[in-house]
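User: I'd like to go through this one and check the labels against their cut-offs. Could you take my questions in turn?

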Amino acid sequence: MKMKMEPFNRDFITPIEQFLTKFRIPAWVLLGVFLLALPHFGFNTFIMRLFIMIGIFSMLGLGLNILMGYTGLVSLGHAGFFAIGAYTSALLMVHTDLPFLVTLIAAAITSGVVGGILGLPTLRLSGNYLTIVTLGFGEIVRMVIMNWRSVTNGVLGVRSPRPVMFGMEFTFANHGFYYTMLVLLLLTGLTSAAILHSRTGRAFLAIKEDEIAATMMGIRITRYKILAFTISATITGVAGGFYASLMPHIDHDVFTFDVSVLIVSIVIVGGMGTMRGMFLGAIILIAFPEVSRFLMEYRFVVYGLLLILMMRFRPQGILGWKSRLPYNLPKLVQKRVETGVQ
Amino acid sequence: MTYALIAVGFSLVFGILRLVNFSHGSMYAFGAMIALFFVGMHVNVWLAILLSIIITGVAGVVIDKMALAPLRKKKSIPIAGLITTIGVSHIIQNLLTIWFGSQTRPFPSLVELGMVDLFGTRIDARQIMVFVVSLILMGILTLVINRSKVGLAMRAVEQNPKAASLMGIDVNFVISFTFFLAGVSAAIAGGLIASTYNLVFPMMGFMAGLKGFSAAVLGGIGSLHGSIVGGLVVGVSEAMAVVFFGSAFRDSMAFVILVLVLIIRPTGIFGKKAILKV
């Protein structure tokens with residue numbers, strides 16, 4: 001199977017990649033203009049909401065991708081971070097007059113700190129066991145939300161007000177949500193790309209490929225694993241904070257194990273360890289329940305089948321090919337490598 | 001105690017394949033619903049449960065052959081198997097919902113025994129029956145694994161699949177047999193619980209599955225008597241949580257235990273030390 005796949009990739013994808021790299025700037029500009037103009041094509045609120053949800057889940061995918069795709073740690077508890085971000089932001093907006101931006105940052109920080117703490121058990125655990133801990137974490141967060149009534153209002157949930165920025169209230173009508181989503185998505189994407197092309201990103205990749213070899217190369221794997229957890233949780237927290245502002249009402253039922261599974265599925269369907277895959281994965285999996293309404297109640301059966309077939313025939317994800325273009329080291333490092341100067 | 005029965009299923013599969021089988025919870029619901037289906041056709045309750053045990057066991061084998069065996073053949077990454085079982089669980093749960101409706105349904109009792117006085121507390125005799133049946137089943141399972149030829153093959157595959165296959169053991173058959181046993185234990189658990197609480201619903205598998213899994217991890221995943229102890233501890237601590245903190249904390253106990261166990265002693269109470277291969 002694998003042998004058959006390889007030539008297909010080499011013949012077909014590398015030219016496209018080279019083409020895209022060559023015309024990188026026009027391609028990005030084109031995409032940017034398209035995304036900016038999207039709300040003005042006259043879609044109704046339902047479709048716009050779908051676009052925004054795709055954006056949010058792309059962010060979640062990017063967040064988990066840092067953990068799963070780059071560092072190779074699988075988390076089944078990202079709904080927990082999502083919930084922490086959402087509740088932090090919503091509760092701050094309800095109880096204080098802080099601007100939306102501040103509550104969003106607070107959501108990111110809270111979620112990141114919790115992520116760092118959860119990362120600590122990675123000192124002892126690996127593989128399956130780590131995945132199980134994150135699963136337990138996700139459920140515990142949900143239980144805390146349900147039972148900590150004085151703060152989270154228990155099962156009744158929180159009503160969050162519409163966010164206001166620069167004196168303008170965000171609504172669907174003035175596309176405030178859509179553009180906020182774009183900005184946040186751009187920021188997350190840039191952060192992800194920056195991390196991937198930094199020393200930290202290379203350390204993550206090294207850990208994923210071979211922990212022992214990474215240790216031998218002087219990478220402190222524990223520290224980097226905790227860092228990966230923190231970054232991933234931070235991004236997820238931002239997505240959560242934004243989600244809380246989008247929804248008029250959030251409660252514990254939004255952040256179930258199914259959401260964690262959905263995020264993992266996005267990463268896997270799109271292609272682990274690739275950024276492009278996150279967007280495609282989010283588009284497919286978020287739009288799928290909507291476009292497949294004709295299947296009626298069978299659509300979640302089909303969803304399950306989709307996951308199984310994916311794993312069977314293309315476990316690396318739809319866009320999960322390895323880029324054959326040379327990896328661009330930072331100029332300084334490149335120079336050192338070429339000249340052999342330490 | 002039923003957590004113990006569910007935990008056994010997890011343990012069996014994990015022991016051999018190193019795979020967390022997320023579809024196990026829905027197998028448990030599947031077993032209960034199939035039993036209900038036969039009861040609806042005016043079949044005797046005992047016969048209905050027996051039929052459901054066989055069907056669920058076969059369903060376990062089918063799942064393995066259809067979804068998991070191809071992955072093993074391709075030697076794909078472990079996460080692929082995990083996602084596959086999640087997909088399978090989606091399919092089973094939703095099919096159950098479509099076929100039987102999502103509402104909670106009544107399930108007839110196996111036997112009407114009334115209440116029994118035990119050490120000064122009144123206990124529903126059916127719960128004692130569940131306990132006894134579980135113990136007997138564990139005994140049978142232990143016998144199968146420790147005494148029979150298939151059991152010997154199972155233990156061999158657990159230790160080293162490649163060496164086992166060189167010794168002439170049909171590894172694929174052993175794995176299928178394991179899935180059969182897991183399905184059987186899930187169906188028994190489903191039938192017992194359904195007839196104790198007189199209720200079944202398609203989504204009953206989800207929480208029960210996660211808790212059974214916690215029990216398996218607590219007892220040391222891959223160890224049978226560990227599953228019994230784990231199941232008991234999870235069950236008792238849930239009851240304690242209801243008494244001391246209120247019923248809202250009932251469901252979280254299993255996960256608190258799970259996380260604590262994994263941080264303090266990842267191999268569980270009876271788990272063998274895993275040797276890290278370098």
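User: Leaving aside its neighbours within four places in sequence, which residues is Asn94(B) in contact with?

Analyst: Keep in mind that this is a predicted model. Asn94(B) is in contact with Phe300(A) and Val301(A), once its neighbours within four places in sequence are set aside. As for where Asn94(B) sits, that's helix H4 of chain B.

User: Why is Asn94(B) called buried?

Analyst: Its relative accessible area is 15%. The label applies under 20%, so Asn94(B) counts as buried.

User: On to the pair in chain A. What makes Glu139(A) and Arg142(A) a salt bridge?

Analyst: Their side chains meet at 3.6 Å, N to O. The rule asks for a side-chain nitrogen of Lys or Arg within 4 Å of a carboxyl oxygen of Asp or Glu, so the pair of Glu139(A) and Arg142(A) qualifies. In general, side chains of opposite charge can pair when their charged atoms come close.

User: Which helices of chain B supply at least two residues each to the side that touches chain A?

Analyst: Those are H3 (45–74), H4 (78–100), H9 (204–219) and H11 (250–264). H4(B) gives the most, with 13 residues.

User: How do the residues on that side of chain B divide into nonpolar, polar and charged?

Analyst: You get 32 nonpolar, 5 polar and 3 charged. In terms of contacts, 40 residues of chain B meet 39 residues of chain A. Together the two chains bury about 3500 Å², with 81% of it on carbon and sulfur atoms.

User: And chain A by itself: what is it built from, and what percentage of its residues is buried?

Analyst: Chain A has 15 helices and 4 strands. Of its 342 residues, 50% are buried, so that share falls under the 20% relative accessible area cut-off. Chain A exposes about 16900 Å², and carbon and sulfur atoms supply 69% of that.

How values were computed:
Residues numbered from 1 in each chain as written. Chains lettered and ligands numbered in written order. Predicted model: local features only at pLDDT ≥ 70, side-chain atom pairs only at ≥ 80, totals over all residues. Heavy atoms only, no water. Contact = heavy atoms within 4.5 Å. Buried area = accessible area lost by both parts, 1.4 Å probe. Nonpolar A, V, L, I, M, F, W, Y, C, P; charged D, E, K, R; others polar. Buried < 20%, exposed > 50% of the residue type's maximum accessible area, 1.4 Å probe, protein only. Areas by Shrake-Rupley, 256 points an atom, 1.4 Å probe, with all protein chains shown as cover.
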